[in-house]
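Subject: Handover of a structure

Dear colleague,

Please find below the structure that I am passing on to you. My findings follow directly after it.

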Amino acid sequence: MFKNLMNRRFLFEELVKRDFKKKYKRTVLGMVWSILSPLLTLLVMRLVFTQFFGRTMEHYTTYLFCGNLVFSYFNESTSQGMVSLMGNAGIFTKVNIPKYLFLFSKNIQTLINFGLTLCVFVVFCFLDQIVFTWKVILLIYPIVCLVLFNVGVGLILSALFVFFRDIQYLWTVFTQLLMYMSAIFYTIDQYDYTTQCLFLINPVYLFIRYFRKIVIEASIPTLWFHLLMLTDVVIVLSIGCWMYKKYNTRFLYYV
């Protein structure tokens, strides 16, 4: 896979450029929306939820931003990845190229948006008087895991979308439910120990929790927490790669 990607580096770069330009085509602000959109969402969430959940919580804005930052990237990456195959059917039905290139180009485009928002997040942390320690370097781990997890979910969704168009509507409902189950605007401290453990089943919550532990609490998650996150990534990525390998030729008959 990596060798094919290097051999088609020029094509891959052009796909990334095309996806990036297409997203902001005929917009006045262009790339500014990559930063403005999550900030407006953060502002709305802060105005709505501060009175209910953040009245007594220290660094509540940063707490919200951590959740919104991770979930927005996950939602954008997987949603765009889901339609990556169907959106490029006109290309791979005529030219024999690896189909995962289209998914990877979508992920690079959303990763750039995530990186821009991450820079704004750092500024907000300083404004919220967050003191960064050397442990902030460890954020590389959840970011890499999140990128791979999004690729895995994108592989699964894009394969399913070729055969079942309904998956697009089901995924919209699922991500809405997942947002409320990821403790973005509330804490899980109010629940009993068993319920708190159930939150760990949600991979997105793991990524959010890792960010909060490092940034707000300046503490390193346990080893089993790292392993649990890595296990989720390996499982999802393995399933996605298997589906692409198994149904690679069948994609042509359903697009």
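Of the 255 residues in the protein, 46% are buried, where buried means under 20% relative accessible area, exposed means over 50%, and partly exposed lies in between, with a 1.4 Å probe and protein chains only. Please note that this is a predicted model, in which local features need pLDDT of at least 70 and side-chain atom pairs count only at pLDDT 80 or more, while totals for chains, interfaces and linings use all residues. Residues are numbered from 1 along each chain as its sequence is written, and side-chain values use heavy atoms, with hydrogens and water left out.

Overall architecture

The protein has 13 helices and zero strands; helices (H or I, at least four residues) and strands (E, at least two) are DSSP runs, numbered from the N terminus. Among contacts (heavy atoms within 4.5 Å) between residues at least 6 apart in sequence, 77% join residues at least 24 apart. The accessible surface comes to about 13,900 Å², and carbon and sulfur atoms account for 68% of it. Accessible areas come from the Shrake-Rupley method with a 1.4 Å probe, and for residues only the protein chains shown count as cover.

Helix 7 covers residues 100–127, which is 28 residues. From its first C-alpha to its last, helix 7 reaches 40 Å, close to the 40 Å expected at 1.5 Å a residue; the expected span is 1.5 Å times one less than the number of residues.

The loop between helix 7 and helix 8 (140–163) holds Gln129, as well as Phe132 and Trp134. Most residues other than glycine have a negative phi. Gln129, however, has a positive phi near 60 degrees, and with 65% relative accessibility it counts as exposed.

Phe132 is partly exposed, at a relative accessible area of 27%. Leaving aside residues up to four places away in sequence, Phe132 touches Val122, Cys125, Phe126 and Val215. The C-alpha atoms of Phe132 and Ile216 are separated by 8.6 Å, although these residues are 84 apart along the chain. Trp134 is exposed, with a relative accessible area of 56%, and its C-alpha atom is 9.0 Å from that of Ala218, 84 residues away along the chain.

Is Ala183 buried or exposed? Ala183 is buried, with a relative accessible area of 0%. It lies in the loop between helix 9 (167–180) and helix 10, and has a positive phi of about 55 degrees although it is not a glycine.

The largest pocket

The largest pocket has a volume of about 570 Å³. On a 1 Å grid over the protein atoms alone, a cavity is a set of points where a 1.4 Å probe fits but cannot get out, whereas a pocket is an open set with protein on both sides within 12 Å along at least five of seven lines; lining residues have an atom within 4 Å of a point. Grid points are joined across faces, edges and corners, and the volume is the space filled by probe spheres set on the points.

There are 24 lining residues, and the closest to the pocket centre are Ile188, Tyr205, Arg209, Lys213 and Glu217. Helix 10 (193–199), helix 11 (203–215) and helix 12 (223–246) each supply at least two residues of the lining. Helix 11 gives the most, with four residues. The lining divides into 14 nonpolar, four polar and six charged residues; Ala, Val, Leu, Ile, Met, Phe, Trp, Tyr, Cys and Pro count as nonpolar, Asp, Glu, Lys and Arg as charged, and the others, Gly among them, as polar.

Yours sincerely
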